[in-house]
Amino acid sequence: MKSAVLALLAVAAQAAPSTGDCCRSLSAVLPSIYHGPSAADYDELITARWSVTAMQHPGCVVTPTSAYDMSAIVKLLTTQQCQFAVKSGGHNPNPGFNNIDKGVSIDLRSLNSTSLAQDRSYVSLGTGLSWGHAYAAFEKDKVAFTGGICEDVGVGGLAVGGGQSLFQAGKGWVVDNVIDYEVVLASGKIVHANQKDNSDLYKALKGGSTNFGIVTKITLAAFDFDGMWGGQLLLALDGPQAGHEQMIETITNTTVDFVADNHSDIDSGIQIVSTYLRNGTKVVDIALSNTANIANPPALQPFLKLPNQIGNTNRHASLAELAHETSLAIPRGFRYVTASVTVSNDKDTLLDFFKAADAVYDGLEVKNQIDWLVSIVPQPQLQEMYARERGGNVLGLQDVKEDQLVLWLVSRWNDASLDSTMEDARQKFIDAAVSVGKKHNTYSPFIYLNYASPKQDPLCGYGADNVAFMKKAAKKYDPTGVFQKLQPGGFKLSHAQCA
């Protein structure tokens, strides 16, 4: 096998190949994990994405089963200068971020291993797993770990993009709970990055995304866990007990007060999604959770007493069950846009933001063809203290003194002819949210990378020092810029336009 690979690479190095050349080489070297357009599972592989906007047509797909497979793939792609994309869960809706037209798609689905340390202090997860499957795999062991809020988000993307979870206040970002990354570098070398080995790469991966290598496995801190309490609280925005304006004001006040006091109950959490459906229905879905398994905790009582309740699913449940339920609010099979702006946790800001987002929505002439979803995701300041315990990260939030809110647009539609309309609405949403933050002096340059629009620049939001650090790490571990040039999807250091 080794001599065959070397022979192919030697021939490939003599000329710039087409996608067909790249795929033929992969088929010859790795036939058992190669999937060409004529393969029975090709269509399923290229369409296995959360958003229809992410579906493209690669020349072929490879499904590595180990870091050694990945090493062989990367060596071949690098030598032949083949463009490629990498898909973990495929939950990013931005075109080209987890798929590619022509080129080679690397689908991580077969990197789905799970294991629990003998002392139960950590788990090892293949980066092709979804978080829902990861949670379910350890229910019998009664352990859990920080991870995605929705079940179909992939381990791989979240583990290098920051990572919000239901344990945010009590454990911090997912990246701050990663103990070790197994990484395939541009050279094909398989390395481990942790506090002892390749510590600069370890830190850079904690928010630096796809700029340094392909992560094939993570080791993640675990803890005893025997279920939790939580669910969805569904509120009508237009009566019967309170009208729209009163509901928005009440939800705003309740949310900001909760986030400001989150430090007093780090086991309780919220996620808010305001949803204006194409049929005219307007509701707010508040995901409540208590990871200590305490029912109806005092910290969440103000939400449980809100008017206009039309549904309440809160109960004792498993982490996997609640991740599944959360996913139902943003299901697969639609076209989606995403964008993210961060502001301080401030009542005037949030109230003005809701008004500004409504103004963007009201300006749309296609309201009967779209669902307008705006989410509020708390970032309590105390979550930043966990970063220091494992060598820090590159998110640039270590000096933030106030609680923050991530304002997330995640709207959906079906008709492809509306794509440009919704992309325009997304930019208007960003501009409106930034304007509100600057008006109240609460705007933060931090942009949560996993929610960002392709026209935003989240890496720059980490700050000049972190950008310089990441560029130095990228030059060290990928000196020829493979992940800048050959993997075009995602947010690239080489394209970051930092003021």
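1. Two strands count as paired if DSSP finds at least two bridges between them. On that basis, in this predicted model, β5 and strand β6 (residues 122-126) are antiparallel partners joined by three bridges. Within this pair, Thr114 sits opposite Leu125 of β6.

2. The pair belongs to an open sheet of five strands, ordered β5-β6-β10-β8-β9, in which the pairing is antiparallel. Its edges are formed by β5 (114-116) and β9 (190-193), each of which pairs on one side only. From one strand to the next the twist averages 15°.

3. Two helices are noted against this sheet. Helix α4 (residues 67-80) packs on the sheet and touches β8 (178-184), β9 and β10 (214-221), its direction making about 45° with that of β8. Helix α8 likewise lies across β8, β9 and β10, but runs at about 95° to β8.

4. The other sheet to mention is open and has four strands in the order β1-β2-β4-β3, with mixed pairing. Its edge strands are β1 (34-35) and β3 (84-87); each has a single partner strand, so one side of each is without a neighbour in the sheet. Strand β1 runs antiparallel to strand β2 (residues 60-62), and two bridges join them. In that pairing His35 faces Val61 of β2.

5. Helix α2 (residues 19-29) packs with α4 at an angle of about 150°, their axes being 11 Å apart. The two helices are therefore roughly antiparallel to each other, and their crossing is right-handed. On the α2 side the contact is made by Asp21, Cys22, Ser25, Leu26 and Val29, and on the α4 side by Ile73, Leu76, Leu77 and Gln80. By class, the residues of this contact are six nonpolar, two polar and one charged.

6. Helix α8 (residues 199-208) packs with helix α14 (residues 464-477) at an angle of about 120°, with the axes 10 Å apart. That angle makes α8 oblique to α14. The crossing is left-handed. Asp200, Leu201, Lys203, Ala204 and Gly208 of α8 make the contact with Phe469, Met470, Ala473, Lys476 and Tyr477 of α14. Six residues of this contact are nonpolar, one is polar and three are charged.

7. A further helix pair is α12 (residues 347-362) with α13 (residues 419-439). Their axes come within 9 Å and cross at roughly 155°. As angles over 145 degrees count as roughly antiparallel, α12 and α13 are therefore roughly antiparallel to each other. The crossing of this pair is right-handed. From α12, the residues in contact are Thr349, Asp352, Phe353, Ala356, Ala357 and Val360; from α13, they are Ala425, Lys428, Phe429, Ala432, Ala433, Val436, Gly437 and Lys439. The contact of α12 with α13 has nine nonpolar, two polar and three charged residues.

8. The UniProt record, an unreviewed entry, annotates residues 54-225 as "domain: FAD-binding PCMH-type". In the model this span is 23% helix and 24% strand, and its end C-alpha atoms lie 35 Å apart.

9. Two backbone details deserve a look. Most residues other than glycine have a negative phi, and most peptide bonds are trans. The peptide bond from Gly239 to Pro240, however, is cis, with omega near 15°. Pro240 belongs to the loop between β12 (228-236) and α9 (244-260). Asn293, a residue other than glycine, has a positive phi, near 70°. Its place is the loop between β14 (282-290) and α10 (301-304).

Note on methods. Residues numbered from 1 in each chain as written. Predicted model: local features only at pLDDT ≥ 70, side-chain atom pairs only at ≥ 80, totals over all residues. Heavy atoms only, no water. Axes fitted to C-alpha atoms, helices over the stretch in contact; angles between N-to-C directions. Parallel < 35°, antiparallel > 145°, perpendicular 65-115°, else oblique. Left-handed = near helix turned anticlockwise from the far one by under 90°. Contact = heavy atoms within 4.5 Å. Nonpolar A, V, L, I, M, F, W, Y, C, P; charged D, E, K, R; others polar. UniProt positions renumbered as here; feature names shortened; annotations may be inferred.
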